[in-house]
Amino acid sequence: MENLFLVLFLVSLVGVGLSIYRTIVSFVKKDYKKRKSAKRLALSSVAAGVLSIAGVAMTSPTPAEDVATVSSSIVETSTTVTKEKDSSEAEAKKQEQLKTQESERLEKEKIEAEKCATEQSEQSEQERMTKEKEESEKLAAEKAEQERVEKEKAEAERLVNEQVAQQAAANPYVDANGLGLIKGSKNKIYHVPGSTYYDRTTNPEALFTSIEEAEAAGYRAQLR
């Protein structure tokens, strides 16, 4: 009978150890159902230990002081279990705080990264708009310069045409393009507009803007 109570006491110790393990696991995994089950197992194991010790005390001729020592050992065991339970709860709470702090840190880093990405995007957009503006201004300046050059060219051509027209009006032997109208033939004879052979001379060797110019080149007037 005494051996049976000893076996029961050993089983109660195993139950206490198992309840401590389940308590730690339940705090780590945040499983409240297993936590309650571990508490029940711990109480049952302690109760079984008390009963086994009481049974051994009743069946054994052990003196009263031995019973007191065993009871004290049970109290110490119970106190140790309680301390280990409190320690496991404190460790679980600490792990929870560390996990919360890590989550907050990651969230803060995420917000900071999104902020930096937004700032970079805005800066890139600003640079793109500035570049487009500069390109547009450059094209506008080039277009204005081209228009100015074309305008000056047109004005110069107009002035040249006016000068040619004025020269043609002052000199009857100059056409609108500033070319001479006096024809020099192969026979070294010049023909002025309206003369007998003027229209017949279709392939002149030279054109002159004045009689003086033709005579200076060695041409003579046609004989009547």
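Select Glu-125. Glu-125 is partly exposed, with a relative accessible area of 35%. Here buried means under 20% relative accessible area, exposed means over 50%, and partly exposed lies in between (1.4 Å probe, protein chains only).

This is a predicted model, in which local features need pLDDT of at least 70 and side-chain atom pairs count only at pLDDT 80 or more, while totals for chains, interfaces and linings use all residues. Residues are numbered from 1 along each chain as its sequence is written, and side-chain values use heavy atoms, with hydrogens and water left out.

**Stop 1: Glu-125 and Arg-128**

The term covers a side-chain nitrogen of Lys or Arg within 4 Å of a carboxyl oxygen of Asp or Glu. Why are Glu-125 and Arg-128 separated by about one helical turn? Because they are three residues apart in helix H3. Arg-128 has a relative accessibility of 38%, so Arg-128 counts as partly exposed.

**Stop 2**

Select Glu-102 and Arg-105. Their side chains meet in a salt bridge, at 2.4 Å from N to O. These two residues are also three apart in helix H3, so about one helical turn separates them. Glu-102 is partly exposed, at 35% relative accessibility. Arg-105 is partly exposed as well, at 37%. Salt bridges link Glu-102, Arg-105 and Glu-109 in a network.

**Stop 3: Glu-135**

Move on to Glu-135. Where does Glu-135 sit? Glu-135 is found in helix H3, which covers residues 64–170. A relative accessibility of 42% makes Glu-135 partly exposed.

**Stop 4: Arg-148 and Glu-152**

Select Arg-148 and Glu-152. Their side chains meet in a salt bridge, again with an N to O distance of 2.4 Å. This pair is four residues apart in helix H3, so the separation is about one helical turn. Arg-148 comes out partly exposed at 37% relative accessibility. Glu-152 is partly exposed too, with 45%. How many salt bridges does a search of the whole structure find? The search finds seven.

**Stop 5: Ser-185**

Ser-185 lies in the loop between strand E1 (182–184) and strand E2 (189–191). Is Ser-185 buried or exposed? Ser-185 is buried, with a relative accessible area of 9%. Next, show the residues that Ser-185 touches. Leaving aside residues up to four places away in sequence, these are His-191, Thr-201, Glu-205 and Tyr-219. A contact means heavy atoms within 4.5 Å.

**Stop 6: the whole chain**

Zoom out and colour by secondary structure. Which elements does the chain hold? There are four helices and four strands. Helices (H or I, at least four residues) and strands (E, at least two) are DSSP runs, numbered from the N terminus. Read from the N terminus, the order is α-α-α-β-β-β-α-β.

Now colour by accessibility. The chain has 224 residues, and 19% of them count as buried.

Finish with the contacts. Take those between residues at least 6 apart in sequence: 54% join residues at least 24 apart.
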